[in-house]
Amino acid sequence: MLFPFNPVCQGKFFPYRRISKNMISGKRILEHGKLRHESGALVPFHMRLLKQPDMDQMTTLRDEIEASMTEWDLLLPTPDYVLEKGLDDSGMSCGVFTGDRLVGLRSVYFPRRLDTDHIGKQADIAANELDSVAELKLSLVAPEYRGNGLQKRMTAHLFDQIKQRGMLFKYYMAIVSPKNVPSMSEKFSFRMKISKIIIKNNNYVRFLFTKNMVEHGTVPLQSTVYAKNRDFEFQSDLLQNGYNGYEMRRGQANMCDILYAK
Ligand SMILES: CC(C)(COP(=O)(O)OP(=O)(O)OC[C@H]1O[C@@H](n2cnc3c(N)ncnc32)[C@H](O)[C@@H]1OP(=O)(O)O)[C@@H](O)C(=O)NCCC(=O)NCCS
């Protein structure tokens, strides 16, 4: 039996115009168009890679979003050094602007094998493969611009940039709260799968998502089963028995069913 994967972010998430030659203030624009504001208004935006001078805007967006968080279990506080890592050689960040205001950002990191907090070490990746790991790290969208699929769109651009620069990674990984339905939806749409459940900061249960770039696009499956996203005992059993989480079926609020298969 072949498992029918989600299409990789086709159709509705990418109604954008890619205009690689366009520039604003000397910076190359990855995408522009209009975003729907929560009021219903359509607001012009542009998307570009972020650089060091954008750091002030990044911390402002982070502060605004952290101040509005009602549930810390969804997103742990992000220190400045984590934002910085997305701006130097250790990573890359994409930002969405309405006028001069940063309203969304997404970072990918390229951890080094000696990093003690290397995500690959939590996923039991062999030591000689740790330099082949990229981590999808932080994504933030201002509440009034959510619903435009910006997280997925920014991630797609970062993948494009990585490809254009000829960077090759065997694994893409991410750590996601089981309650963060938009973030899980993003990972599944890029064909990442839940490969492990971990405990972060000694307290918070998290899914570890992995995409192995050398694996074939479709997986032959013998059996499939649905698990509630917060039923960690059942999901741990499934993972220990060779299952991985491949897709989700949305429920109410932050609930969903995850399709596990092997
Ligand atoms: C996570 C975040 C970046 C996503 O923003 P976004 O790209 O605007 O996401 P959208 O609102 O367009 O939603 C994406 C998908 O999740 C769904 N979704 C959003 N909120 C949801 C919720 N509470 N419950 C169920 N589904 C939800 C949307 O319907 C959409 O589904 P689709 O992909 O099938 O169309 C944004 O919510 C955010 O900044 N949250 C706070 C910070 C955070 O948690 N970051 C992630 C961890 S680093």
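Biologist: Which residues come nearest to the ligand?
Modeller: This is a predicted model. In it, L75, R146, Q151, V181 and P182 come nearest, out of 20 residues around the ligand.
Biologist: And how do the shell residues divide into nonpolar, polar and charged?
Modeller: There are nine nonpolar residues, nine polar ones and two charged ones in the shell around the ligand.
Biologist: Nice. Which elements each supply at least two residues of that shell?
Modeller: That would be β7, α4 and α5, each with at least two.
Biologist: Let's stay with α5, then. Which of its residues are buried?
Modeller: Helix α5 covers residues 181–189, and S183, M184, E186, K187, F188 and S189 are buried there.
Biologist: What covers them?
Modeller: The cover over the buried residues of α5 includes β7 (133–141) and α4 (150–164), along with the strands β8 (171–176), β10 (204–212) and β12 (244–250). Just after the helix, R191 has a positive phi of about 65 degrees.
Biologist: Switching topic: which residues touch the most other members of the largest nonpolar core?
Modeller: C94, V96, M173, A174 and F209 do, in a core of 49 residues.
Biologist: What is F209 in contact with, leaving aside its neighbours within four places in sequence?
Modeller: F209 contacts M173, A174, V176, K187, M192, K193 and I194.
Biologist: Last one: what pLDDT does the chain average?
Modeller: The protein chain averages 88, and 90% of the residues score at least 70. Over residues 1–16, though, the pLDDT is below 50, and that stretch has 31 contacts in the model beyond near neighbours in sequence.

Technical notes
Residues are numbered from 1 along each chain as its sequence is written. This is a predicted model: local features need pLDDT of at least 70, side-chain atom pairs count only at pLDDT 80 or more; totals for chains, interfaces and linings use all residues. A residue is buried if 20 or more other C-beta atoms lie within 10 Å of its own, exposed if 12 or fewer, and partly exposed in between; C-beta atoms are placed from the backbone. Helices (H or I, at least four residues) and strands (E, at least two) are DSSP runs, numbered from the N terminus. Two residues are in contact if their C-beta atoms, placed from the backbone, lie within 7 Å. A residue is near a molecule or strand if its C-beta atom, placed from the backbone, lies within 6 Å of it. Ala, Val, Leu, Ile, Met, Phe, Trp, Tyr, Cys and Pro count as nonpolar, Asp, Glu, Lys and Arg as charged, and the others, Gly among them, as polar. pLDDT is the predictor's confidence in each residue, from 0 to 100. A nonpolar core is a set of buried Ala, Val, Leu, Ile, Met, Phe, Trp, Tyr and Cys residues joined through C-beta atoms within 7 Å.
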